[in-house]
Amino acid sequence: MSQPSLSTSLGKKILSLLPLVFLVIVSVPIVGIGMNEGEKVLGLKTIQVPVEGTGSMYPSLYWSTTEGGPEDGTKTVIQEYRSTPELYRRFSGITIAGRTFFHRSVADGDIVAFRNAATNAILKADNKDTTAGFIKRVIGVPGDTIELRDGFVYRNGSLISEPYIASPRSTYGGTTLADCTKLTVPPNKYFVMGDNRKISSDSRYELGLIADQDIEYLLPLSEQKIYQSLWRNTQNDAALLGQPTLSTEEFVNLINQARSTQKLSSLSLKSALVKSATTRGQHLLADKNTNYSMQASMTAAGYTNIILGEFVSYGHYTASELVQNLLYNSGSSKQVLNKDYTDIGLAAVDQDVNGCPTQIIVGHLGGYLPATYDAATVSSWHSLLDNLRSITPSWEKAVNYNTIDQNKLGQLLTILHRRLALATEITTAMDSRTWLTDGQQTRIKADDTDAKAAEDLINQLNQ
């Protein structure tokens with residue numbers, strides 16, 4: 001019996017190894033995929049975290065024009081890391097022999113994504129996806145003392161450099177942490193704010209402090225180099241302390257540019273409204289609940305008009321920042337873009353309030369809106385006018401008639417002439433859609449008495 005050749009034997013061995021080779025080829029990628037995903041779960045590798053482009057983390061993250069920002073995604077290429085930032089998953093950690101592994105600590109400057117009951121409530125109120133959570137920057141860790149003063153952040157008594165924020169001197173207190181109030185961050189809590197401070201809903205407001213367990217993703221400050229080309233130079237920030245920043249003329253020009261795009265007429269800057277806005281701001285700084293109203297300040301300044309409006313902002317703004325902020329907010333946007341407003345006044349009032357440098361910006365608006373009157377009311381006044389025009393001449397002819405009580409006739413004619421003048425004024429005003437004056441309103445109320453007196457006199461004279 002012949003022996004198999006060497007080549008035949010080698011071929012069989014190779015064939016016998018093929019299943020093993022195939023298994024290795026298939027399993028290596030699977031193991032690789034598994035390790036890759038495992039590293040993501042353990043927080044060793046970053047993953048993309050979709051965020052809504054609401055602008056609170058601008059300039060690092062994308063801020064869409066649809067949300068009031070400057071970036072149009074349909075015309076500009078938006079880097080993916082700005083719309084879907086890559087963060088590390090916050091793994092709870094593995095504890096072995098009393099030591100915890102793979103749990104990342106949180107430090108000042110880190111970007112964190114989190115969810116809790118407060119984020120759900122805020123997003124629900126804004127009709128947004130409540131599962132999205134928030135993404136903010138850590139400004140204070142447990143033990144840090146935070147104070148907001150004159151638009152800047154002080155941590156542990158020192159003014160901190162913040163190149164990542166959208167604009168300098170833009171951090172002001174809110175409902176949870178007021179200006180010039182010190183807050184020491186308690187254990188297992190963090191004080192967070194958005195980089196676009198003037199529109200960010202964060203720990204200064206109803207969001208409050210963030211619990212450690214609520215943080216799901218983070219990106220350490222040391223690994224944010226990808227964003228640094230978008231950040232500011234902070235060298236001259238401190239020079240802004242105590243300095244005015246708002247140009248009224250520039251603000252009016254920018255608002256009128258926005259109105260022009262909506263085919264609306266321009267607003268005129270009125271000195272009387274500047275005066276009323278200044279007075280109103282002084283009263284609001286002295287007492288936020290002041291009884292000195294917008295109407296009172298306008299009246300004192302000598303300004304009157306049919307429709308009146310007011311917007312108030314605390315903090316320092318440049319003209320462009322203030323315009324952007326007003327247009328971003330739906331309520332104030334409708335106000336400054338209202339077609340019926342024609343006049344505007346603006347005042348930035350600086351004042352120390354209990355040792356805290358505070359600025360309030362007050363804008364006053366005025367405009368004319370044509371009056372509208374109920375058709376039945378207009379018709380009744382025209383009928384009255386026609387009736388008075390018909391009967392007055394006949395009574396005028398009775399003057400000097402011996403059979404007529406001339407004393408009572410004189411009283412009647414006085415009333416008829418007064419009512420005729422009033423009816424003429426009212427119908428003219430209603431037909432031209434002009435508003436009735438306070439004096440005319442008072443005379444209308446008195447006309448009921450005149451009508452009754454005229455009727456009594458006519459009955460007496462007819463007898």
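In which handedness of crossing does H9 pass H11? H9 passes H11 in a left-handed crossing, meaning that the near helix is turned anticlockwise from the far one by less than a right angle.

This is a predicted model, in which local features need pLDDT of at least 70 and side-chain atom pairs count only at pLDDT 80 or more, while totals for chains, interfaces and linings use all residues. Residues are numbered from 1 along each chain as its sequence is written, and side-chain values use heavy atoms, with hydrogens and water left out.

**The chain**

The protein chain has eleven helices and 17 strands; helices (H or I, at least four residues) and strands (E, at least two) are DSSP runs, numbered from the N terminus. Of its 463 residues, 40% count as buried, that is, under 20% relative accessible area with a 1.4 Å probe, protein chains only. Among contacts (heavy atoms within 4.5 Å) between residues at least 6 apart in sequence, 71% join residues at least 24 apart.

**Helices H9 and H11**

Two packed helices are described by the angle between their axes and the distance between the axes. For H9 (residues 375-396) and H11 (residues 438-462), the angle is about 35 degrees and the axes are 14 Å apart. Axes are lines fitted to C-alpha atoms, for helices over the stretch in contact, and angles run from 0 to 180 degrees between N-to-C directions. From H9, Trp381, Leu384 and Trp395 meet Ile444, Asp447, Ile458, Leu461 and Asn462 of H11. By class, this contact has six nonpolar, one polar and one charged residues.

**A four-stranded sheet**

An open sheet of four strands runs in the order E14-E16-E17-E15, with mixed pairing; two strands pair if DSSP finds at least two bridges between them. E14 (268-269) and E15 stand at the edges with a single partner strand each, so one side of each has no neighbour in the sheet. E15 pairs with E17 in the antiparallel sense over eight bridges, and Ile307 stands opposite Gly367 in E17.

| Helix | Strands touched | Angle to E16 |
|---|---|---|
| H5 (residues 271-286) | E14, E15, E16 and E17 | about 35 degrees |

**Helix H7**

H7 (residues 319-328) has the buried residues Ala319, Glu321, Leu322, Val323, Asn325 and Leu326. These pack against helices H4 (248-261) and H8 (330-336), and against strands E15 (307-314), E16 (341-353) and E17 (356-367).

Technical notes
Nonpolar A, V, L, I, M, F, W, Y, C, P; charged D, E, K, R; others polar. Buried < 20%, exposed > 50% of the residue type's maximum accessible area, 1.4 Å probe, protein only.
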